[in-house]
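Dear colleague,

My notes on its contents follow directly after it.

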Amino acid sequence: MTIKERYEAAKESYKGIGVDTDAAISALKAIPISMHCWQGDDVTGFDGAGALSGGIQTTGNYPGRARNPQELMADMDQALNLIPGKHRINLHASYAIFEEGEWADRDKLEPKHFKKWVEFAKERGIGIDFNPTLFSHANAEHATLSSEDPKIRSFWIDHVKACIRISEYLATEQGTPCTMNIWIPDGFKDIPADRTSPRARLKDSLDQILSMEYDKTKVLVAVESKVFGIGMESCTVGSHEFYMNYASKNDILCLLDSGHYHPTEVVSDKISSMLLFFDKVALHVTRPVRWDSDHVVLFDDETKEIAKEIIRGGSDRVLLALDFFDASINRISAWVVGMRNMQKALLNALLLPNEKLAELQNTRSFTELMMLQEELKLYPIGDVWNYFCELNGVPAKEDWFKTVAAYEKDVLLNRK
């Protein structure tokens, strides 16, 4: 049977439970995912930062790491060409591209330093999201926006303000809003004597940043929490409670990273609550293995549950991005696997008879609900997915890996 024939058979199966597969495919195509650039070079960047800091680690030494903008863009192209649909790319400020002989510290970054990224995105018809880089810098050794040192704090305030200007430039050029997410590594290794003062300084820094004039329809500022990190196990200044309250009070976005909570907490259980109080919520989907390890996203239970909440809450209200970095495997394959898995999870959610499931819950028909949820797991989603890939001109099933393997042999292994 051809992919189309298998799809037609699957379509009939889903029709029997009241699910329109054509509508699911159309809806999936309309959901962009922001693909993070930093998977391609192990979060190194182009501004000469050197070693990672802020509790961030990449493990592995697989050959072929991108060493410059040209290589990174070429690698991202390889990945994007194997992922169905049109998506976005997510940049950190440390990926500024300087002309020969030019350099600017992070507090002096300008829109012109991201012009080549705009050209890259425009040529491919994709959008760009952005992140200030408050780590891997001499001024981030101890703390950033919560620093006791006014000069250090001022440096990072200026950096984030510069990033808002850059984000507005990106949004203007691409014609779509730019999500700009703030994450800081500030915290304490051991039990702090004073938790309030650092958080008060962080609040003041954010207040100063948001006092600048910018187009709030173009720049969607988000703040991202973390429960702990390496070297800040006992306290993180930017906790979830801090940022959730700050975002609510100041009408900005609260970003949920699926690796930034206690291992027994799940982001899928937070999304519905957030959407009751916020117009939109931003997400970084990753895969934490016992801690914020940022493993490649799989088609696993939590990814599926996150996708269900996105679809049920309204995909237009969730700004979706991935965030992982694995240097132990082919980096392009990591992108493709993660992005396609997130799309598979979204498709899975779109192929559920959600109204029927909700009705069973509301009538407390829990026996039938469990039965149906389990039986749905073996419905032919794979045949719908393969047809979606075919419609979008990308290889179905595992056929895409041949392209990655050839590129590794011809290009990646020649990077010395």
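Helix α9 (residues 301-313) holds both Glu 305 and Lys 308, which are three residues apart, about one turn of the helix. Please bear in mind throughout that this is a predicted model. Glu 305 and Lys 308 form a salt bridge, and their closest N and O atoms are 2.8 Å apart. Glu 305 is partly exposed, at 31% relative accessibility, whereas Lys 308 is buried, with a relative accessible area of 16%. Elsewhere, salt bridges that share partners join Arg 67, Glu 71, Asp 75 and Arg 415 into one network.

**Salt bridges between separate elements**

In the whole structure, the search finds 18 salt bridges. One of them pairs Asp 42 with Arg 331, with 2.9 Å between the closest N and O atoms. This pair links distant parts of the chain, 289 residues apart: Asp 42 belongs to the loop between β1 (34-36) and α3 (69-80), and Arg 331 to helix α10 (residues 331-350). Asp 42 and Arg 331 are both buried.

Another salt bridge brings together the side chains of Asp 204 and Arg 153, at 3.2 Å from N to O. Asp 204 is in helix α6 (residues 196-210) and Arg 153 in helix α5 (residues 150-174), so this pair ties together parts that lie 51 residues apart in sequence. Asp 204 has a relative accessible area of 32% and is partly exposed; Arg 153, at 16% relative accessibility, counts as buried.

**The annotated binding site**

The UniProt record, an unreviewed entry, places the feature "binding site" at His 260, Asp 292 and Asp 294. These residues are spread over 35 residues of sequence, yet they cluster in space, with a largest C-alpha distance of 9.7 Å.

His 260 sits in the loop between β8 (253-257) and α8 (271-277). His 260 is buried, with a relative accessible area of 5%. Beyond four places away in sequence, the residues that His 260 touches include Trp 183, Glu 224 and Asp 292. A polar atom of the His 260 side chain lies 2.6 Å from the backbone oxygen of Ser 225.

Asp 294 is located in the loop between β9 (281-285) and α9, and Asp 294 is likewise buried, with a relative accessible area of 5%. Leaving aside neighbours within four places in sequence, Asp 294 is in contact with Thr 286, Arg 287, Asp 323, Phe 324 and Phe 325. With Thr 286, the side chain of Asp 294 makes a side-chain polar contact of 2.9 Å.

With kind regards

Notes
Residues are numbered from 1 along each chain as its sequence is written. This is a predicted model: local features need pLDDT of at least 70, side-chain atom pairs count only at pLDDT 80 or more; totals for chains, interfaces and linings use all residues. Side-chain values use heavy atoms; hydrogens and water are left out. A salt bridge is a side-chain nitrogen of Lys or Arg within 4 Å of a carboxyl oxygen of Asp or Glu. Helices (H or I, at least four residues) and strands (E, at least two) are DSSP runs, numbered from the N terminus. Buried means under 20% relative accessible area, exposed over 50%, partly exposed in between (1.4 Å probe, protein chains only). UniProt positions are given in the numbering used here, feature names are shortened, and annotations may be inferred rather than shown by experiment. Contact means heavy atoms within 4.5 Å. A polar contact is a pair of N or O atoms within 3.5 Å; within protein, one must be able to donate a hydrogen and the other to accept it, and residues adjacent in sequence count only if both atoms are side-chain atoms.
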